[in-house]
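Trainee: I've got a structure open and I'd like to learn how to read it. Could you walk me through it, feature by feature?

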Amino acid sequence: MNITEYMQDVGQRARAASRGMARADSATRNRALLLIADAIVRDAPLLVQANQRDMDAARAAGLAPAMLDRLALSQGAIDTMVAGLRQIVSLADPIGEISNMKFRPSGIQVGQMRVPLGVIGIIYEARPNVTVDAAGLCIKSGNATILRGGSEAIHCNRALAKIVAEGLAGAGLPADGVQIVDTTDRAAVGALITMPQYVDVIVPRGGKGLIARLIEESTVPMIKHLDGICHVYIDDKADLAKALPIAFNAKCHRYGTCNTMETLLVARAIAPQVLPQLAPLYASRDVELRADPEAMAILAGYPHLVAAVEEDWSTEYLAPILAVKVVADMDDAMAHINTYSSKHTDAIVTEDYSAAMRFLREVDSASVMVNASTRFADGFEYGLGAEIGISNDKLHARGPVGLEGLTSLKYVVFGHGEIRQ
């Protein structure tokens, strides 16, 4: 296979299909999503079998536990995919919506119409659920999409590709509205990110190495985040009945996700009370704590305790490792967060309303939370149906990217024969 020629053909077909996807009405796009959801339910055993082939190959290749976690497709994950598609169907269709209409002194009316971006290229590692989430959001938002999943999920992605194609055909949408790159050759990625004549936006979902490479090489605009260095700050006005489960869940619910807490900050006034209660919870999961000197003194005797070094404050572990720091107060916590955070998701646990509102205003991250686990920073949990990715950029889209993030605005003008004087 000549990869360049193959990807050029994929791009051309996606560009042609994008016009039909944008033209389709809401009922047609929703019908495709429901057909895909029904087919996933029907073929769930086949998807589990395909995923098992991928898992066996990944273990044999020595993939890291975090990658294996992302690759696994349980029945629960399949149920979540189906629920996500049906939630997307229930969402209002943003395409064609006109807003901000105003009369101008000349007599014309000026407003803005929400429109699809066009062709979206999505590059991701492991996580076969991304195939369905991305396809669903792109179909609903009237975009064509090119999906390039990781080689480790090739069997599952091929099975999902057949289901998506069946749904598109059943609804009468262009067959090339969703294409899955059917090669594991890494050269396909290089081709996809350098085809601005066919691809309007790239959305990368994967490890820091992949995204760093794309930032350097892509000639197509991207919606992205580089890493997820997320914090939970336990304030001196925190309710410990909330703080303890939040701090445990944010780290231990899953280790290999970008919204997992990587640094715990605790106010000095309550650190001697909080840390000894959290330590047994983390010990039950064999979590290694990399602690600053104050936390080290409080946690003396903890079985997995290591002195933190400067690098720990800026590391996304994706593993049972947690950096722990005692801070003077909320100002100290926010200074640390705004220095080391990747601007993904950060949370405060406090009963002080004024402190909570300051934290929301002053912490410069895509998602900022009060009294909740960082694990909620997710498109499905935010009611977006699913997400195509998370952006910690400040232009176009920020935070979990759902339907609106896959659209743009253009100006529309209604006249009555006016001419410019």
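This is a predicted model: local features need pLDDT of at least 70, side-chain atom pairs count only at pLDDT 80 or more; totals for chains, interfaces and linings use all residues.

Trainee: Let's start with strand S3. Is it mostly covered or mostly open?

Mentor: With a strand, check how many residues are buried, then look at each face. Strand S3 spans residues 119–124, and six of its six residues are buried. Val119, Gly121 and Ile123 cover one side, while Ile120, Ile122 and Tyr124 sit on the other, and both sets are buried.

Trainee: Which strands does S3 pair with, and in what sense?

Mentor: For pairing, look at the bridges and the direction. S3 runs parallel to strand S4 (residues 144–148), with five bridges between them; Val119 faces Ala144 there. Strand S6 (residues 201–205) is also parallel to S3, again through five bridges, and Tyr124 has Arg205 of S6 as its bridge partner.

Trainee: What kind of unit do S3, helix H6 and S4 make?

Mentor: Follow the chain from strand to helix to strand and note the handedness. Here, S3, H6 (residues 129–140) and S4 form a right-handed β-α-β unit.

Trainee: Now the nonpolar core. Which residues touch the most other members in the largest one?

Mentor: Look for the members with the most partners. The largest core has 70 residues, and Met7, Ile40, Ile122, Ile139, Val199 and Ile388 touch the most other members. Helix H6 gives the most to this core, seven residues. A separate core of 45 residues includes Ile234, Leu244, Met261 and Val327.

Trainee: What is Ile122 in contact with, sequence neighbours aside?

Mentor: Beyond four places in sequence, the contacts of Ile122 include Ala134, Cys138, Ile146, Val203 and Ile388.

Trainee: How do I read the order of strands in the seven-stranded sheet?

Mentor: The order is S10-S9-S11-S8-S7-S12-S13, in an open sheet with parallel pairing. Strands S10 (305–307) and S13 (367–370) are at the edges with a single partner strand each, so one side of each has no neighbour in the sheet. From one strand to the next, the twist averages 20 degrees.

Trainee: How many bridges join S12 to S13, and which helices pack on the sheet?

Mentor: Strand S12 (residues 345–349) and S13 run parallel, joined by four bridges, with Asp346 opposite Val368. Helix H13 (residues 330–340) packs on the sheet and touches S7, S8, S11 and S12; its direction makes about 175 degrees with that of S7. Helix H14 (residues 353–362) touches S7, S12 and S13, and its direction makes about 170 degrees with that of S13.

Trainee: Last, the loops. Why does Asn259 count as buried?

Mentor: Asn259 lies between helix H10 (240–252) and strand S8 (261–267), and it counts as buried because its relative accessibility is 3%, under the 20% cut-off. The Asn259 side chain reaches the backbone oxygen of Ala377 at 2.9 Å. Its contacts beyond four places in sequence include Cys230, His344 and Asp378.

Trainee: And where is Asp176 found?

Mentor: Asp176 is in the loop between helix H7 (154–171) and strand S5 (178–180). With a relative accessible area of 23%, Asp176 is partly exposed. The side chains of Asp176 and Arg13 make a polar contact at 2.9 Å. Sequence neighbours within four places aside, Asp176 is in contact with Arg13, Ala14 and Ala17.

Terms used. Residues are numbered from 1 along each chain as its sequence is written. Side-chain values use heavy atoms; hydrogens and water are left out. Helices (H or I, at least four residues) and strands (E, at least two) are DSSP runs, numbered from the N terminus. Buried means under 20% relative accessible area, exposed over 50%, partly exposed in between (1.4 Å probe, protein chains only). Contact means heavy atoms within 4.5 Å. A polar contact is a pair of N or O atoms within 3.5 Å; within protein, one must be able to donate a hydrogen and the other to accept it, and residues adjacent in sequence count only if both atoms are side-chain atoms. Two strands pair if DSSP finds at least two bridges between them. A crossover is right-handed if, with the strands pointing away from the viewer, the path from the first strand over the helix to the second runs clockwise. A nonpolar core is a set of buried Ala, Val, Leu, Ile, Met, Phe, Trp, Tyr and Cys residues joined through side-chain atoms within 4.5 Å. Axes are lines fitted to C-alpha atoms, for helices over the stretch in contact, and angles run from 0 to 180 degrees between N-to-C directions.
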